[in-house]
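This report looks at how the inside of one protein model is packed. Please look over the sequence and the structure before reading on.

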Amino acid sequence: MLMLCLPAAGQPVPALDPPAIVRTLAASDDRVSIPIHIGGRGPWNFIVDTGSQRTVISRNLADQLALPARRPVTIVSMAGRSEARTVALPRLGYGKEMIDDIEAPVLEADHLGAAGLLGLDSLHAKRLLLNFRTGRMEIGASRPSWRDPNAIIVEARRRKGQLILLHSDANGLKVNIILDTGTHLSVGNLALRDKLIRKKRAPSMSEVSLISVTGETLTGQLGRIGKIRMGPISLTDLPVMFADAQPFRELGLADKPTLLLGIQALKMFDRVAIDFGRGKIDFLMPGASALDRQRLASTG
């Protein structure tokens with residue numbers, strides 16, 4: 001779920017090579033989680049959240065580990081701003097990766113849906129690969145020269161730590177797209193909704209609400225966008241919640257059509273690799289890997 005924190009967190013230590021390979025776990029709402037060790041203890045399952053600037057820990061786990069308090073921060077969640085205390089995490093580990101100097105906001109586990117969130121401060125300059133076909137995840141160093149011949153590459157630009165996909169549109173209208181693995185349902189801003197309405201390309205809608213990571217409720221309208229294009233690839237009939245979510249304003253995108261593409265949409269692909277170091281996303285279309293296996297078998 002897209003969440004910003006002020007001030008920003010510390011940076012992780014350099015990634016190890018080869019990448020950490022772990023089996024992903026399904027949360028109750030289909031987001032993906034990863035086993036996390038804290039100070040050599042655990043593991044606990046944290047949801048991998050590319051929409052969150054900061055790694056977040058649940059209050060129950062922070063109290064259980066008696067983590068030392070740090071400075072409070074302002075949390076910018078889907079539903080608005082709120083204050084939260086932070087704690088210092090001793091060395092955080094997943095697979096073979098180790099990250100130091102994390103100050104994590106503390107929120108309620110019931111609202112997080114897990115023991116914590118693994119945010120962008122733990123993914124800085126790394127490559128996150130989500131293999132939905134095999135149920136495995138890789139987190140390792142950025143791979144500038146790496147190229148999967150079966151994957152389709154979509155370039156992105158950076159904005160306050162987030163990657164915004166280039167050459168994207170919704171029903172033919174230009175749109176900023178951010179991949180948000182911490183959100184189950186895709187969320188569009190009101191600028192996107194209003195432009196679709198003005199161009200007579202808006203879907204029929206019904207009222208819907210979601211609970212943010214801070215426990216507040218965000219109300220919006222649920223509809224389906226007929227076609228989402230990201231570079232040379234497209235998604236069709238995508239469910240989207242349109243809402244006046246606070247992070248759109250914090251990113252300076254409130255008046256620009258913007259869409260947070262949630263995990264429900266990303267699972268339509270066999271594999272998605274988000275390379276934060278090189279600013280590119282690799283999408284493997286459904287069936288592409290199977291076709292390649294058949295080609296190799298026929299030539300082997």
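The buried residues of helix H3 pack against several strands: E17 (168-170), E18 (173-174), E20 (186-188), E22 (217-230), E23 and E24 (258-261). The model is a predicted one. Helix H3 covers residues 190-198, and its buried residues are Ala191, Leu192, Arg193 and Leu196. After H3 comes lysine 200, which has a positive phi, near 60°.

The largest nonpolar core holds 58 residues. Ile57, Leu179, Met230, Leu261 and Phe283 have the most contacts inside it. Strand E23 (residues 233-242) gives the most to this core, namely five residues.

| Core | Size | Some of its residues |
|---|---|---|
| Largest nonpolar core | 58 residues | Ile57, Leu179, Met230, Leu261, Phe283 |

The structure holds one aromatic pair. The ring centres of phenylalanine 269 and phenylalanine 283 are 4.8 Å apart and the planes stand at 45°, so the pair is tilted. Phenylalanine 269 sits in the loop between helix H5 (263-266) and strand E25 (271-275), while phenylalanine 283 belongs to strand E26 (residues 280-284), so the pair ties together parts 14 residues apart in sequence.

Conventions. Residues are numbered from 1 along each chain as its sequence is written. This is a predicted model: local features need pLDDT of at least 70, side-chain atom pairs count only at pLDDT 80 or more; totals for chains, interfaces and linings use all residues. Side-chain values use heavy atoms; hydrogens and water are left out. A nonpolar core is a set of buried Ala, Val, Leu, Ile, Met, Phe, Trp, Tyr and Cys residues joined through side-chain atoms within 4.5 Å. Buried means under 20% relative accessible area, exposed over 50%, partly exposed in between (1.4 Å probe, protein chains only). Helices (H or I, at least four residues) and strands (E, at least two) are DSSP runs, numbered from the N terminus. Rings of Phe, Tyr and Trp (its six-membered ring) pair if their centres lie within 6.5 Å; planes under 30 degrees apart count as stacked, over 60 as edge-to-face and the rest as tilted. Contact means heavy atoms within 4.5 Å.
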